Amino acid sequence: MWKTFYIKPNEIGILYHRSDFKKILQPGTYTYLGWHWQVKTYDLNQPEAQIENLELLLRNHSAELQQYLLIVRTAFNQAALVRWGQNWVSVAPNQLRAFWRGFIEVESYLFNLEESLELPTEFVQQVYSVALHGLKKFQISEYEIGMLSVQNNFVRPLEPGEYAFWSFDRNVTIRTLSRIMPNPDFPLEDVLIEKHPDFVTAYCEQVQLLSPQVAIVRYRGKVISILPPTSRKLFWQGVEVEVIDISTDAKLQPPLVAELVSGAQEVVLLSRHCLHIREVPAQHVGLLYVNQEFQAQLEPGVHAWWLFGRSFQTEIIDLRLQSMEVTGQDILSKDKVPLRLNLTAGFRIQDPLRAKNGLSDISGFLYKELQFALRGAVGEKSLDSLLEDKGAIDRSISEYIRQKTVDYGIEVDSVGVKDIILPGEIKTILSKVVEAEKAAQANVVRRREETAATRSMLNTAKVMEDNPVALRLKELEVLERIAERIDKIQVNGSLDSVLTDLIRMNRQ
């Protein structure tokens with residue numbers, strides 16, 4: 001019996017007899033005698049040939065098959081790229097793949113992964129836009145450097161450009177670092193310094209500090225980093241590094257203070273954890289203690305010290321005249337009268353070091369001693385003596401407090417009792433006493449005035465007795481006063497008779 005097979009123009013066939021390979025059939029019609037012939041056809045629009053038992057067929061019919069097939073075989077350390085027309089496919093290690101020849105142009109390229117995982121540049125541009133299994137593609141911008149790592153181990157830097165790397169059974173990563181930032185976060189800096197000195201020399205500025213050193217790193221004149229002692233750090237080349245020895249003197253010079261303490265905000269933020277900063281106002285003095293020991297007095301201005309390996313304390317002392325109020329002091333006078341007093345004192349610190357070293361609390365000491373002095377001065381005097389001479393209290397307190405403060409470099413400028421507050425009942429009694437005293441003084445004044453008036457009247461009478469004209473003038477003055485109070489006066493007779501009658505009426 002005959003069997004006929006038809007191979008389409010876009011197909012190719014493989015002829016088998018009882019499962020044995022016989023030959024490749026091109027497009028056309030074929031007739032064979034017998035039942036055991038069979039043909040498997042393949043669409044040439046799909047370039048890859050999915051042939052069963054390909055390995056076995058190649059052993060026995062390699063020459064004939066390779067006339068029609070592009071055979072791609074990769075070892076354990078190889079990968080391949082296959083191009084058919086404008087398309088690409090990748091072939092992993094330890095694979096056997098076949099692609100039909102002739103219908104579409106097919107080419108293969110084999111790569112040794114032990115020599116390099118990087119795809120050659122001439123292939124990168126061709127496959128960069130194609131998604132290929134086992135091939136990682138990266139683009140490094142012109143302002144970046146790429147750090148290529150395989151299995152988490154740094155391999156080499158990558159300049160700007162496009163790259164592709166085989167990643168079959170391997171972890172291939174690229175970390176990009178900006179060249180615009182002079183202090184990027186380098187991955188595993190210590191490993192780079194010790195294992196890859198060529199990279200460090202070619203691209204980086206390495207800073208390695210000893211225990212008594214700090215470093216200020218500047219880029220284009222601006223501080224970008226402050227490094228503590230014993231630190232190690234990488235920067236891109238182009239930075240300026242100033243190494244400062246702080247073994248003997250940790251204080252910053254004025255130019256550095258202006259730059260790190262009073263400069264740009266971002267620089268101040270960088271330095272605030274590295275410096276002990278203290279500003280001494282005008283009319284003040286600062287006391288510097290390093291590791292709990294006094295070191296120096298500080299003049300007004302801004303001061304800063306490196307913190308590393310030392311502890312700093314600074315005390316600010318006000319040299320201006322200061323006042324202290326001691327208020328609400330309830331004290332008994334010598335005659336057991338309860339009094340409440342308010343005291344004020346003015347003082348200034350002449351020797352800050354002696355005052356601070358001798359007294360743990362200057363204000364507390366002064367307040368306590370002023371209390372003692374006030375109680376002593378008031379308790380020794382009666383109420384009357386206190387009220388008569390308040391200055392005696394001031395003098396007593398002033399003498400006492402000056403003796404107490406002279407050894408501590410404190411000068412007491414003035415002391416004064418502002419208020420002496422009496423109890424309510426004592427105020428009432430004193431008010432009555434004052435009222436009685438004032439009433440007696442008023443009575444004396446009134447009697448003195450009455451005596452003077454009587455004496456004046458007597459003198460006037462004597463003058464009138466000896467001078468009738470003066471008497472007549474006085475009478476006229478009286479008449480004038482009476483006339484001021486009377487709306488109408490009618491006079492009958494002479495003026496003398498009127499005056500005589502008025503005088504008589506007054507006498508009655």
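The buried residues of helix α10 are covered by elements that include β27 (338–349), α8 (362–379), α9 (383–388) and β28 (410–421), where buried means under 20% relative accessible area, exposed means over 50% and partly exposed lies in between (1.4 Å probe, protein chains only). This is a predicted model, in which local features need pLDDT of at least 70 and side-chain atom pairs count only at pLDDT 80 or more, while totals for chains, interfaces and linings use all residues. Residues are numbered from 1 along each chain as its sequence is written, and side-chain values use heavy atoms, with hydrogens and water left out.

**The chain as a whole**

- The chain holds 13 helices and 28 strands, which are DSSP runs numbered from the N terminus (helices: H or I, at least four residues; strands: E, at least two).
- Of the 508 residues in the chain, 37% are buried.
- Among contacts between residues at least 6 apart in sequence, 63% join residues at least 24 apart, a contact being heavy atoms within 4.5 Å.

**Helix α10**

- Helix α10 (residues 390–405) has 16 residues and should span 22 Å at 1.5 Å a residue, which agrees with the 23 Å between its end C-alpha atoms; the expected span is 1.5 Å times one less than the number of residues.
- The buried residues in α10 are Ala392, Ile393, Ile397, Ser398, Ile401 and Thr405.

**Aromatic rings**

- The structure holds 20 aromatic pairs, and rings of Phe, Tyr and Trp (its six-membered ring) pair if their centres lie within 6.5 Å, with planes under 30 degrees apart counted as stacked, over 60 as edge-to-face and the rest as tilted.
- One of these pairs joins tyrosine 32 and tryptophan 37, and it is stacked because the ring centres are 4.9 Å apart and the planes meet at 25 degrees.
- Tyrosine 32 is buried, with a relative accessible area of 15%, and tryptophan 37 is buried with a relative accessible area of 15%.
- Phenylalanine 138 and phenylalanine 165 form a tilted pair, with 6.2 Å from centre to centre and 55 degrees between the planes.
- This pair links distant parts of the chain, since phenylalanine 138 is in strand β11 (residues 135–140) and phenylalanine 165 is in strand β14 (residues 161–166), 27 residues apart.
- Both phenylalanine 138 and phenylalanine 165 are buried.
- A cluster linked by ring pairs contains Trp88, Tyr109, Phe111, Phe123, Trp166 and Phe168.

**Charges over rings**

- The charged end of lysine 40 sits over the ring of tyrosine 16, 6.0 Å from its centre; a charge sits over a ring if NZ of Lys or CZ of Arg is within 6 Å of the ring centre and within 35 degrees of the ring normal.
- The charged end of arginine 179 sits over the ring of tryptophan 236, 4.6 Å from its centre.

**Serine 178**

- Serine 178 lies in strand β15 (residues 172–178) and counts as buried because its relative accessibility is 18%.
- Leaving aside neighbours within four places in sequence, serine 178 is in contact with Tyr143, Pro184 and Trp236.

**Loop residues with positive phi**

- Arginine 18, in the loop between β2 (11–17) and β3 (20–25), has a positive phi near 50 degrees although it is a residue other than glycine, and arginine 18 is exposed, with a relative accessible area of 52%.
- Threonine 230, in the loop between β18 (222–227) and β19 (232–236), is not a glycine but has a positive phi of about 65 degrees, and threonine 230 is exposed, with a relative accessible area of 54%.
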